[in-house]
Amino acid sequence: MLDDMFDYVKEIRDRPVWQPIPDNLRASVQYELPRKPSDLADVHRTFMQDILPYSVGNVHPGFMGWVHGGGTPVGMLAEMLSAGLNANLGGRDQMPIEIERQVVAWVRELFHFPSEASGVFVTGTSMANFMGVLVARTGASGPQVGRTGIAAEGQRLVGYTSEDAHVSVLRAFDMSGIGADALRRVPVNARHEMDTDILARLIERDRASGNRPFLVVGTAGSVDTGAIDDLGAIADISSTEKLWFHVDGAYGALGMLSPKIAPRLVGIERADSLAFDFHKWGQVPYDAGFLLVRDGALHRSTFATSAAYLVRQDVGMAAGSPWPCDLGPDLSRSFRALKTWFTIKVYGADSIGAVISRTCELAQYMEERIELSRDLELLAPVSLNVVCFGYRCEDPNRTNVEITAAIQESGIAAPSTTTVAGRTAIRAAIVNHRTTRADIDGLLDAVVSFGNVHAVRRRKSS
Ligand SMILES: *Cc1c(COP(=O)(O)O)cnc(C)c1O
C-alpha cells in the first residue's frame with residue numbers, strides 16, 4: 001500500500017488531473033452493509049481501481065481549482081504513524097499533546113503573538129472562523145453568554161467583514177446564533193481589499209442606531225482574487241472602537257514564511273484571533289486547520305467545561321491541564337499536529353516559505369503571459385497566487401464556464417471559476433509545490449485552444 005502511494009505521487013503527471021466517475025462505477029459502490037469479512041488485498045485492489053483514479057486530483061501539479069494543497073510524502077508517512085498510534089488528542093498527559101503545544105509555540109513565534117496566546121488544531125478554517133466568532137462573542141458579552149445566550153443581551157451584536165470574505169464567516173454568524181444579517185459586508189476597493197473608510201462609517205451608523213459592534217473580520221488572501229485587506233488599518237479601527245479583530249488567513253497567513261509576502265501581512269500580529277490552514281499553502285495533508293487566540297484565558301473560558309469524568313489532577317494521566325478539549329468544541333481529536341510537525345521539521349519552514357514565494361512568481365508569470373496574449377484577458381489584479389482571467393469573445397461569461405468544464409474533463413489541468421465584479425472568470429489558484437511554468441503554459445494553451453474551438457463552433461451555429 002505504501003509503495004502504491006509512493007508511485008501515485010511519483011507518477012502523478014502521467015495521470016489526468018481529474019476524470020469523471022463512470023456511472024457504473026458510481027453504482028458499484030452501493031451495496032448492503034458487509035456483515036462478513038473480506039480479504040484485505042481485495043479491498044485494497046478495489047481502492048486502487050475504483051477510488052484512487054477518481055479523486056479530485058489536487059496532488060497533481062495541474063490542479064489549480066479553488067484553494068487546495070498538494071500534500072507531501074512526509075505528511076503521508078506521518079499520517080500513517082499517527083493512525084497507528086491512534087492517539088486521542090482531546091487531553092490527558094501524553095507526549096502527542098506536547099507536540100501539539102510545540103507547534104502552537106511555533107505558530108505564536110511566527111505571528112509574533114505573546115506567550116499567553118493559545119492555539120489549537122481543528123478541521124479547517126471554516127471551523128476556526130466559527131470558533132473565533134464564538135471567542136469574540138465571549139469577549140464582548142462575558143463568559144455567562146454561553147449559558148444565557150445572546151438573546152439575553154439587550155443590544156444586537158453586529159460584525160463587519162469585506163464583500164469578498166469567505167462564506168464561512170457568514171456561516172459562523174449563522175451558526176453562533178448572532179445571525180448572518182448581523183454581519184455587515186463592507187465594499188472593497190479596486191484591489192479587492194476592504195474599504196476601511198466605509199468600515200468606519202458603518203460602525204458609526206450601527207452605534208447611532210443602537211446596535212453593538214463587536215467584531216471585524218479581515219481577510220489575508222481572499223478566495224476570489226488573493227487580496228489581502230489592510231490589516232494594519234483594520235487593527236487601528238478595531239483598537240479605537242474596542243472591537244475584536246479576527247483574521248481569516250486560511251491560506252494567506254502562512255505567507256509569513258515567505259520574506260516577500262510577510263511585509264504585506266503587517267498588522268496580522270495585532271489580531272485578537274487568527275484562523276488559517278496548514279493544509280493549503282503549508283502543504284500538510286488534509287485536514288490541518290488552526291485557530292490562534294491572543295487571550296488564552298478568554299479562549300479557554302469560551303469552551304472549557306466541568307464534566308466530572310474530565311476532571312484534572314496533578315498526577316497520573318489526568319494531569320497536564322489545560323487540554324486541547326478546553327479550546328474548542330471537539331473532545332476526541334486526531335493527532336493533526338504530527339503531520340504538521342513532521343512537515344516543518346523535515347522540510348524546514350524556510351523551504352515552505354520558498355514554495356509559497358514560487359507559487360506567487362508563477363502567478364506573475366501567468367499574468368504576463370495573459371497580458372501578452374490576444375485571446376486572453378486579465379479579470380482581476382494578481383495579488384498573490386490567484387489569477388482570474390478569461391477568453392476574449394462575445395459571450396465571455398458562458399464561454400469561460402464552458403472552457404473550464406472542458407479543460408477539467410480533458411484531464412489536462414483543473415482551474416475553477418468565480419465571479420469578479422459581475423464577470424465570470426476562469427480562476428487558477430497556484431498552491432501546489434509541484435506546479436511549474438510548464439503547467440501554467442499547459443493551462444493557458446488549453447484555454448486558448450478550447451476557446452478557439454468554441455468560437456468556431458458558435459460562428460458555425462449562428
Ligand atoms: C479555504 C478557505 C476557507 C475555508 O477553509 P477550510 O479549511 O476549507 O474550512 C476560509 N477562508 C478562506 C479565505 C479560504 O481560502
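Trainee: Which residue forms a salt bridge with Asp439?

Mentor: In this predicted model, the closest N and O atoms of the pair in question are 3.0 Å apart. The pair links distant parts of the chain, from Asp439 in helix α15 (residues 437-461) to a partner in the loop between α1 and α2, 426 residues apart. That partner is Arg13.

Trainee: Is Asp439 buried or exposed?

Mentor: The cut-off for a buried residue is under 20% relative accessible area. Arg13 is partly exposed, at 44%. Asp439 has a relative accessibility of 11%, so Asp439 counts as buried.

Trainee: Which residues are linked with Asp445 in a network of salt bridges?

Mentor: The side chain of Asp445 meets that of Arg369 in a salt bridge of 3.0 Å, N to O. This pair links helix α15, which holds Asp445, to helix α13 (residues 349-372), which holds Arg369, across 76 residues. Asp445 is partly exposed at 43% relative accessibility, and Arg369 is partly exposed at 28%. The residues linked with Asp445 in the network are Arg369 and Asp441.

Trainee: How many residues apart in sequence are the parts that Arg270 and Asp236 tie together?

Mentor: Arg270 and Asp236 form a salt bridge, with their closest N and O atoms 2.8 Å apart. Arg270 lies in the loop between β5 and β6 and Asp236 in helix α10, so the parts tied together are separated in sequence by 34 residues.

Trainee: What is the handedness of the crossover from β4 to β5?

Mentor: Strand β4 (residues 212-219) runs parallel to strand β5 (residues 244-248), and five bridges join them. Within this pairing, Val216 stands opposite Phe245 in β5. The chain passes from β4 through helix α10 (residues 231-241) to β5, and this β-α-β crossover is right-handed.

Trainee: How many of the eight residues of β4 are buried?

Mentor: Strand β4 is also joined by five bridges to strand β2 (residues 157-162), and these two run parallel. There, Thr161 stands opposite Val217 in β4. Strand β4 is mostly covered, and the number of its residues that are buried is seven.

Trainee: Which elements give two or more residues to the nonpolar patch?

Mentor: The patch on the surface is formed by Leu2, Phe6, Met80 and Leu81, with about 320 Å² of accessible area together. Met80 is placed in helix α4 and is partly exposed, with a relative accessible area of 40%. The elements that give two or more residues are α1 (2-10) and α4 (73-85).

Methods: Residues numbered from 1 in each chain as written. Predicted model: local features only at pLDDT ≥ 70, side-chain atom pairs only at ≥ 80, totals over all residues. Heavy atoms only, no water. Patch = residues over 30% accessible without salt bridge, like charges linked within 9 Å, V, L, I, M, F, W, Y side chains within 5 Å. Areas by Shrake-Rupley, 256 points an atom, 1.4 Å probe, with all protein chains shown as cover. Salt bridge = Lys/Arg side-chain N within 4 Å of Asp/Glu carboxyl O. Helix = DSSP H or I, 4+ residues; strand = E, 2+ residues; numbered from the N terminus. Buried < 20%, exposed > 50% of the residue type's maximum accessible area, 1.4 Å probe, protein only. Pairing = 2+ DSSP bridges. Right-handed = clockwise from strand over helix to strand, strands pointing away.
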